[in-house]
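Load the model and keep a selection panel open. The stops below go from the whole chain down to a pair of side chains.

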Amino acid sequence: MSASPPPPSTAYTGPPLEIGSLIQVLQAGLNPNPEQRQPAENLLQSWEALPNFTTALHTVVRDLSVGEDQRQLAAICLKNCVTRWWKRRPSGGVGDEDKIRLREGLLSNLDIL
């Protein structure tokens, strides 16, 4: 797994979140062993305030080549992230560009349901 991003209170200026890394962390978040699941859950929660995190989650949700369990967990994380971070905060949040992409993407998803 790649290096962890900085905590949400730090302004993140690095590259967008790697989808492959996100899928690996989602898989670990599904592990029944709490020693493996808890760090993954903590990492997912720490990524919530990162720019493009909602876009990355939405990409996983839409990718039919990703396992159904990972896609469902990505959808739950997306819902939680939007609930917590839709309103911008000094420590991060869903940016205006991410909001636009997410709205457009969710509308386009209606045809695959």
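**Whole chain.** Keep in mind throughout that this is a predicted model. Read from the N terminus, the order of elements is α-α-α-α-α.

Switch to a surface view. The accessible surface of the chain amounts to about 6,900 Å², and carbon and sulfur atoms contribute 55% of that. Now colour by relative accessibility. Of the 113 residues in the chain, 35% are buried.

**Contacts.** Among contacts in the chain with a separation of 6 or more, 62% join residues 24 or more positions apart.

**Helix 2.** Select residues 34-47, which form helix 2, and show the side chains of Arg37 and Glu41. What do the side chains of Glu41 and Arg37 form where they meet? They form a salt bridge, at 3.4 Å from N to O. That distance qualifies because the cut-off is 4 Å between a side-chain nitrogen of Lys or Arg and a carboxyl oxygen of Asp or Glu. By this rule the count is one salt bridge.

Arg37 and Glu41 are four residues apart in helix 2, so about one helical turn separates them.

**Exposure of the pair.** Return to the accessibility colouring. Glu41 has 33% relative accessibility and is therefore classed as partly exposed. Arg37, with a relative accessible area of 25%, is partly exposed. Buried would require a value under 20%, and exposed one over 50%.

Technical notes. Residues are numbered from 1 along each chain as its sequence is written. This is a predicted model: local features need pLDDT of at least 70, side-chain atom pairs count only at pLDDT 80 or more; totals for chains, interfaces and linings use all residues. Side-chain values use heavy atoms; hydrogens and water are left out. Helices (H or I, at least four residues) and strands (E, at least two) are DSSP runs, numbered from the N terminus. Buried means under 20% relative accessible area, exposed over 50%, partly exposed in between (1.4 Å probe, protein chains only). Contact means heavy atoms within 4.5 Å. Accessible areas come from the Shrake-Rupley method with a 1.4 Å probe; for residues, only the protein chains shown count as cover.
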